[in-house]
Amino acid sequence: MNIVLLGAPGSGKGTQASLIGEKFGLPHVSTGDMFRENIREKTPLGVLAKSYIDKGQLCPDDVTVRMVEDRLAREDCKKGFLLDGFPRTLEQAKALEKFVKIDCVLDIDVPLGKLLRRLTGRRCCEKCGESFHVDMLGGAENCPKCGGKLYIRKDDNEETVQNRLDVYVSQTETLIDYYAQAGTLRRIDGDRAIEEVFADVEKVLKAL
Ligand code: ADP
Ligand code: ZN
């Protein structure tokens, strides 16, 4: 099963991706996580990516496509994968088609007006990578799942978040129409509790 997760920043794709990964045993390929790992390790790709990510802009298509193509060619993706955060532009979608067949595109749909608050209230775990909203943490400073330290992503400040949402509307939203025409799109109402969203996701994937 080759799955793409679409959805705006803050729509909960990352959370759903880790749930799907656990349940269906698919590797979770997140371009955001891959870039952040490169940034941490100060690779040349990381240095380049940082200059875009910190401003809330997209990294260039060519380097992003190459990174994904290399990742999907690895052994663990042979039986299927879960792509999170890619494609984000029409160029990327067209490039992706050239090297894999996508079975299903899940669009996690959340009203744009709710995303700013979701993102600026987001806390991420240093250790397991999971993210949580401050409202759910009740003041806790450590990860409810693994106890790791929580931090605020550098691109989750209000100004950068606004840029990311603008980029989503101007570049990524068109992919919804693109995949609807291709017949692979499934829309999921993401404006509900994590478990309810996941129940719908599961239904769709089991029917594939
Ligand atoms: P979110 O979905 O919450 O915005 P991600 O972790 O998926 O966050 O991505 C963080 C940043 O990494 C993006 O704002 C962008 O700068 C960069 N990035 C991730 N995926 C891509 C992509 N497919 N193309 C270009 N840039 C990307
Ligand atoms: Zn954790």
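Reader: In which loop does Pro87 lie?
Author: Before the answer, a note: this is a predicted model, where local features need pLDDT of at least 70, side-chain atom pairs count only at pLDDT 80 or more, and totals for chains, interfaces and linings use all residues. Residues are numbered from 1 along each chain as its sequence is written, chains are lettered from A and ligands numbered from 1 in the order in which they are written, and side-chain values use heavy atoms, with hydrogens and water left out. Helices (H or I, at least four residues) and strands (E, at least two) are DSSP runs, numbered from the N terminus. With those names, Pro87 sits in the loop between β3 (81–84) and α5.

Reader: Is the peptide bond from Phe86 to Pro87 cis or trans?
Author: Most peptide bonds are trans. Here, omega is near 0 degrees, and the bond from Phe86 to Pro87 is cis.

Reader: Where is Lys42 found, and is Lys42 buried or exposed?
Author: Lys42 belongs to the loop between α2 and α3 (44–53). Its phi is near 50 degrees, a positive value in a residue other than glycine. Buried means under 20% relative accessible area, exposed over 50%, and partly exposed in between (1.4 Å probe, protein chains only). Lys42 has 68%, so Lys42 is exposed.

Reader: Which backbone oxygen does the side chain of Thr64 reach?
Author: Thr64 lies in helix α4 (residues 61–72), and at 4% relative accessibility Thr64 counts as buried. Leaving out residues up to four places away in sequence, Thr64 touches Thr31, Phe35, Cys59, Phe86 and Gln92; contact here means heavy atoms within 4.5 Å. A polar contact is a pair of N or O atoms within 3.5 Å; within protein, one must be able to donate a hydrogen and the other to accept it, and residues adjacent in sequence count only if both atoms are side-chain atoms. At 2.7 Å, the side chain of Thr64 reaches the backbone oxygen of Pro60.

Reader: How many residues surround ligand 1?
Author: A residue is near a molecule or strand if one of its heavy atoms lies within 4 Å of it. The closest ones to ligand 1 are Lys13, Thr31, Arg36, Gln57 and Gln92, and helix α2 (residues 31–40) gives the largest share of the shell, four residues. In total, the number surrounding ligand 1 is 19.

Reader: At what angle do α5 and α9 pack?
Author: Leu90, Ala93, Lys94, Leu96 and Glu97 in α5 meet Leu175, Tyr178 and Tyr179 in α9. Axes are lines fitted to C-alpha atoms, for helices over the stretch in contact, and angles run from 0 to 180 degrees between N-to-C directions. The axes of α5 (residues 90–99) and α9 (residues 174–182) are 10 Å apart, and the angle is about 35 degrees.

Reader: How far apart in space are Thr15 and Arg40?
Author: Thr15 is in helix α1 (residues 13–24). Thr15 and Arg40 are 25 residues apart in sequence, and C-alpha to C-alpha they are 22 Å apart.
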